Amino acid sequence: MNENRKLQTSWLERICYGIGDMGVNLVWILPSSFLMLYYTDSAGISAAFIGTMMLICRLFDGVSDIIMGVIIDKTKSKLGKARPWLLIMSLPLMISIFLVFRVPTSLSGNGQKLYSFITYFLMSVICYTAVNLSYHAMLPRFSLTSQDRSIVSVIRSVFSLIVTIVVSTITTMILASLGGAGSQKAWTTLVIIYAIIAEIAILLTVLVIKEKTDILDSESNKVASVPIGQAVKLLLSSRYFYISVYIFFAFYIANGTSGIMVYYARDVFGNADLMGLLSLSGILPIMLFSPVCPALFKRFGKRNTMLVGMIIAAIASALILINPTNLAFYIILSLIKSTGSAPLMSAMYTMAGDIVDYTQWKHGIRTEGIATSVNSIGMKLGTGFGSAILGWMLAWGKYDSSLAVQPDSAINAMIFVSVGLPIIIYGTAALVLAFWDLEKYQNDITDFLTNTK
């Protein structure tokens, strides 16, 4: 019983881990939701180029994620494996996000494109990869059971949603008060404020969250020391790996297209300030419903709860197409859609930890870094494809930032990205989740970790 208590996390740990996600998400939501707007309306760079640039960077992410995963697994320090990298790389991430939103006006058109590619590559492929991967690799190192990780992940998701709501609601207002989306000074001030807040949040997590190396590295739980290639091969031989990667890929395609909201609010509904309301309708139900998800997971199973939620979200998305330009209709169905996506949002970050535990139980190998990195690959590729789709669709629809009223082709492109694409995302996610049956091993895995057998 005493050993079981050691596996549980305290409320202080849960809250501080959630605050850390606020910091990590703050510096990702800003480029995900507003970088396309900054590049097109302030820097004057074409949407098609930006979409392609983001996709190329996401392909490089596939390599950097694996490298960072290996680095984490090979790290030995008093702070643990993942925690030191969260500390070391947080400040470089803040500097890089500042550089991304600081395209020099003195450069030529090609010069601005080159600058944008280099700084975005530095920020997303190197700095953000190191911070985000380290943050998520910490989860299975301080929360050691699947049920406890579900609780931690729900709290993390609530904090994540809070910062998403705040950023989505106030960013356009702050920009307007500082001179508008076309003002470089406004963007610079905004990024500095967000970066300072994010750095403080991440440092708080580093200070409070401690990896439970005494349990993970104990003689009774000692894991085999194997070459990285063999560890990767074991993961690649498991269907749970592919399911988890696809879930992240699908979910983050939607995340990568989140930048469409500011265009949708302004050009479809006629008021850019409605972005906060649109974002709130997609986030608030998740925040309110997520706290009950652990009980649903325990009662019906994590897989079943997520699967039913995805079906609900897909149906709600399809119904929006009946009248996508009606604000009230859009909001009501968005509330339903986001409620359906709450279980996935709450549980998806626990999937890597479950795979880590399963691999240790079945093969005697524990690799948090690599397991988290392959999920991160799905996340990065999804975000990249989402951003690329957003840029390509705006270009295909002949979006023109100089026009007060966009052509019908641009409006239709926005409707497809905001409404049509999620139908595909949620539908395929439900199909893939049908093959996730790892939960049938959870009792044996928990017994193994607690050494009660």
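How many disulfides does the count come to? The count comes to zero disulfides, a disulfide being a pair of cysteine sulfur atoms within 2.5 Å. This is a predicted model, in which local features need pLDDT of at least 70, side-chain atom pairs count only at pLDDT 80 or more, and totals for chains, interfaces and linings use all residues. Residues are numbered from 1 along each chain as its sequence is written, and side-chain values use heavy atoms, with hydrogens and water left out.

- Cys-57 is in no disulfide, and the nearest cysteine sulfur, in Cys-127, lies 12 Å away.
- Seen from Cys-127, the closest cysteine sulfur is that of Cys-57, and a distance of 12 Å is too far for a bond.
- Cys-57 counts as buried because its relative accessibility is 0%; buried means under 20% relative accessible area, exposed over 50%, and partly exposed in between, with a 1.4 Å probe and protein chains only.
- Cys-127 is also buried, with a relative accessible area of 4%.

- Helices (H or I, at least four residues) are DSSP runs, numbered from the N terminus.
- The expected span of a helix is 1.5 Å times one less than its number of residues.
- Helix H3 covers residues 47–74, and its 28 residues should span 40 Å, which agrees with the 40 Å between its end C-alpha atoms.
- H3 bends by about 30° at Asp-61, where the bend is the angle between axes fitted to the seven residues ending at a residue and the seven starting there.
- Helix H6 (residues 146–178) has 33 residues and reaches 46 Å from first C-alpha to last, close to the expected 48 Å.
- A bend of about 35° occurs in H6 at Ile-170.

**Thr-129**

- Thr-129 is found in helix H5, residues 109–142.
- Thr-129 has 2% relative accessibility and so counts as buried.
- Beyond its neighbours within four places in sequence, Thr-129 is in contact (heavy atoms within 4.5 Å) with Asp-61, Ser-64, Asp-65, Met-68, Ser-124 and Lys-380.
- One of these contacts, Asp-61, is the residue at which H3 bends.

**Nonpolar core**

- A nonpolar core is a set of buried Ala, Val, Leu, Ile, Met, Phe, Trp, Tyr and Cys residues joined through side-chain atoms within 4.5 Å.
- The largest such core has 137 residues, and Tyr-39, Tyr-264 and Met-414 have the most contacts inside it.
- Helix H2 (residues 11–43) gives the largest share of this core, 15 residues.
- Not counting residues up to four places away in sequence, Met-414 touches Ile-260, Tyr-263, Tyr-264, Asp-267, Val-268, Leu-394, Tyr-399 and Gln-406.

Definitions and conventions
Helix = DSSP H or I, 4+ residues; strand = E, 2+ residues; numbered from the N terminus.
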